[in-house]
Amino acid sequence: FWVFSLAGTLPQFWSPKTGTETDFALGDLMLPFEAHKKDLLLLDGLNAKDRDLPGHKFIGNGHQQAYNSILAATGTTNASFPGGPTLDQLVAKANTGKTKFASIETGINFSEGRYRGDVPSYATVAPPAAGQKLPVEADPRKLWTRVFAGFKPPGAAPAPVVDNTNKRQKSILDFVRGELGAVSSKLSAADKMKLDAHATGIRDLEMRLNFNGGSDGAAVGAGCSAVVQPVAGTSFAAQTDLVARLSAMMLACDLTRVVTMPVLPPENPGSSPYSGGAFGTTDFHDLVHKTSPLNGQLRTNSGAVDMCKAFHMQSSGAIKKVLDVMAAMPDVDGKRLLDNSLVFWNNELAEGGHTTNNLKWLVAGGSNLGVRTGRWLKCNGAPHSNAYVSIGRALGLDINSFGDPRSCTGALTGFAT
């Protein structure tokens with residue numbers, strides 16, 4: 001379960017205040033996770049070393065460049081897409097055919113501000129290949145319709161009416177696939193890339209139409225149950241609650257084994273901690289930059305820093321909700337869903353500037369996957385791609401490198417048991 005947020009963090013409030021690797025006091029931004037402390041692995045001080053490699057193109061503004069580097073540990077295709085797949089899609093590919101959905105791309109976004117209710121392309125976690133991305137469904141009602149409409153938990157009576165819709169849809173897909181093959185040879189390299197992304201989506205839809213359940217149902221958790229269609233949430237907190245519960249149930253019912261969730265808290269005056277024009281800033285984005293602890297003009301202004309911290313606390317609260325739901329849900333073997341899953345939270349930046357060194361990442365759960373939790377792991381500038389190797393291994397991938405191999409040195413020391 002991969003959660004991705006924007007605008008960096010305030011590192012002075014993220015890292016533990018005091019303590020040792022196994023006995024530490026959580027920083028202010030991590031205090032919402034106090035009840036889950038034994039389930040946390042804090043990865044403190046990773047560096048995006050791929051950005052220092054010769055030959056990489058980093059296109060776009062500082063946020064877009066950082067996003068591409070952080071998520072795929074490689075250069076860029078354009079301002080919106082990294083030059084390779086993200087880890088979630090490697091895990092999804094390894095589980096192809098085992099679940100109805102190879103992966104689910106959802107998100108939490110209060111419909112306002114510069115994003116206008118949409119997750120921007122450079123904040124999409126799930127590029128399956130260079131120059132591609134998968135669409136995000138952040139509306140809880142549409143998410144329910146896509147995943148749970150017609151779903152029957154194990155032991156429930158089958159639907160009494162035979163629906164021929166799938167047969168008609170599959171016939172249409174066969175036709176479209178043939179048309180794509182006919183025009184592929186006539187396209188430029190860039191257009192072929194777009195066509196390949198479209199074909200990937202068609203293959204995914206075709207697999208879902210043909211899917212008749214897992215091989216033996218052994219991966220369906222004890223917490224799997226029918227889900228009532230949600231009523232649309234009218235606030236960031238309400239949307240967070242709905243998406244967190246829907247996503248956890250997808251995993252519990254083994255409908256998918258990969259969920260990605262960009263989190264975009266509200267940033268407009270009136271619905272967020274930010275006040276218009278506060279401290280001489282033009283907007284929230286300006287506040288984030290000016291409270292950077294490295295060189296921000298407002299870094300010593302406690303009021304400005306507290307306002308920025310309150311914004312980041314919204315993301316902490318959203319991830320806490322995910323952990324609350326997964327910790328309360330029983331899984332297949334008497335353990336919690338959180339024990340058999342890995343929740344991963346990272347950000348495009350290390351702080352309010354455009355820095356991608358000294359990254360602060362959080363892993364939660366996964367104790368049944370070999371993750372050493374209840375710890376504050378000082379990474380001392382290790383490549384961030386090493387963390388992806390360790391996460392991938394915990395999720396069953398046989399990998400020794402991720403992203404550009406020139407910047408990856410293997411698994412992250414101290415991550416696994």
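In β7, V259 has I104 standing opposite. The model is predicted: local features need pLDDT of at least 70, side-chain atom pairs count only at pLDDT 80 or more, and totals for chains, interfaces and linings use all residues. Residues are numbered from 1 along each chain as its sequence is written, and side-chain values use heavy atoms, with hydrogens and water left out.

**Exercise 1.** Determine which strands pair with β7.

*Solution.* Strands are DSSP runs (E, at least two residues), helices likewise (H or I, at least four), numbered from the N terminus. Two strands pair if DSSP finds at least two bridges between them.
1. β1 (residues 2-5) runs parallel to β7, with four bridges; V3 has M261 as its partner.
2. β5 is also parallel to β7, through two bridges.
3. β6 (residues 108-109) is joined to β7 by two bridges, again parallel, and I108 is partnered by V263.

**Exercise 2.** Classify T99 as buried or exposed and find its polar contact.

*Solution.* 
1. T99 lies in the loop between α3 (87-94) and β5 (104-105).
2. T99 is buried because its relative accessibility is 4%.
3. Its side chain reaches the backbone oxygen of F101 at 2.8 Å. A polar contact is a pair of N or O atoms within 3.5 Å; within protein, one must be able to donate a hydrogen and the other to accept it, and residues adjacent in sequence count only if both atoms are side-chain atoms.

Conventions
Buried < 20%, exposed > 50% of the residue type's maximum accessible area, 1.4 Å probe, protein only.
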